[in-house]
Amino acid sequence: MSAQERPAELTAERPVPRPAARPAARPGRRRDEAKDDAILAATLELLAERGYDGMTMDAVADRAGAGKATVYRRWPSKVRLAADALVCNRSARLSIDDVPDTGSLRGDLAAMRRLATRVNNANDDALTGVWSIVQDDPEVAAIFREQFVKSKVGLMRAVLERAQARGEVPAGRDLEMIAMVGPALLSYHKLANGGSLEEGFVERMIDEVIVPLATCAPVPEPAGSR
């Protein structure tokens with residue numbers, strides 16, 4: 001049969017079938033903050049009970065009632081989990097709004113000291129559990145400084161900025177550097193004393209180092225230095 005003799009339905013161009021439309025992609029699962037809180041709380045408990053060496057990611061997952069994959073997906077290493085647990089713990093989180101404005105830098109620092117003491121007392125066991133490994137493991141020490149110490153420096157700087165706004169701290173002072181002095185002295189003192197603070201050390205540091213350093217006039221540049 002020639003092409004001319006074929007029925008029209010055979011010679012007509014057939015429509016090309018279209019692929020079935022793919023179902024819309026499912027949105028990603030939202031991170032469960034309640035699960036995060038449970039994991040961080042379990043981490044603090046285990047740090048207090050077993051110390052850093054005895055705390056394991058598997059034990060945290062079991063204590064928090066979470067899957068191991070959930071813990072590892074959120075925190076790729078034990079050291080980051082431990083640091084986050086200490087920094088993000090709501091009972092240990094202080095901001096400038098928590099520190100009363102006493103009208104003087106010394107009064108503000110003393111108030112911050114009292115708040116920090118109360119917070120640290122609630123977390124002493126967990127901090128002690130981490131402190132031993134901070135002294136021995138450079139990776140742990142680096143991450144601990146990055147996350148834990150940085151929050152302390154930020155709070156100290158906020159207190160200094162408030163004092164500067166009151167006129168106590170002269171303009172031109174390097175507030176970031178001054179803010180690092182207190183946490184650095186505390187860290188060194190703890191390192192030299194096995195993690196404990198000598199009675200009255202913080203008060204002496206405030207009176208003899210921080211307040212004089214922050215409130216003194218900037219040292220003028222020597223003539224001809226430029």
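**A buried histidine and the nonpolar cores**

Guide: His189 touches Ser196, Leu197, Glu198 and Phe201, with residues up to four places away in sequence not counted; contact means heavy atoms within 4.5 Å. The model is predicted, so local features need pLDDT of at least 70 and side-chain atom pairs pLDDT 80 or more, whereas totals for chains, interfaces and linings use all residues. Residues are numbered from 1 along each chain as its sequence is written, and side-chain values use heavy atoms, leaving out hydrogens and water.

His189 belongs to helix α8 (residues 175-192); helices are DSSP runs of H or I with at least four residues, numbered from the N terminus. Because its relative accessibility is 8%, His189 counts as buried, the term for values under 20% with a 1.4 Å probe and protein chains only.

Elsewhere, the largest nonpolar core holds 25 residues, and Ile39, Tyr52, Val60, Val71, Trp75 and Leu81 have the most contacts inside it. Such a core is a set of buried Ala, Val, Leu, Ile, Met, Phe, Trp, Tyr and Cys residues joined through side-chain atoms within 4.5 Å. Helix α2 gives the most to this core, with 7 residues. Domain 1 (2-13 + 33-88) and domain 2 (93-215) both contribute residues, so the core lies between them; these bounds come from an automatic or database domain assignment. Beyond its neighbours within four places in sequence, Ile39 is in contact with Val60, Ala64, Ala66, Thr70, Val71, Arg74, Trp75 and Leu81. A second, separate core of 23 residues includes Met112, Met156, Ala163 and Ile178.

Notes. Helix = DSSP H or I, 4+ residues; strand = E, 2+ residues; numbered from the N terminus. Buried < 20%, exposed > 50% of the residue type's maximum accessible area, 1.4 Å probe, protein only.
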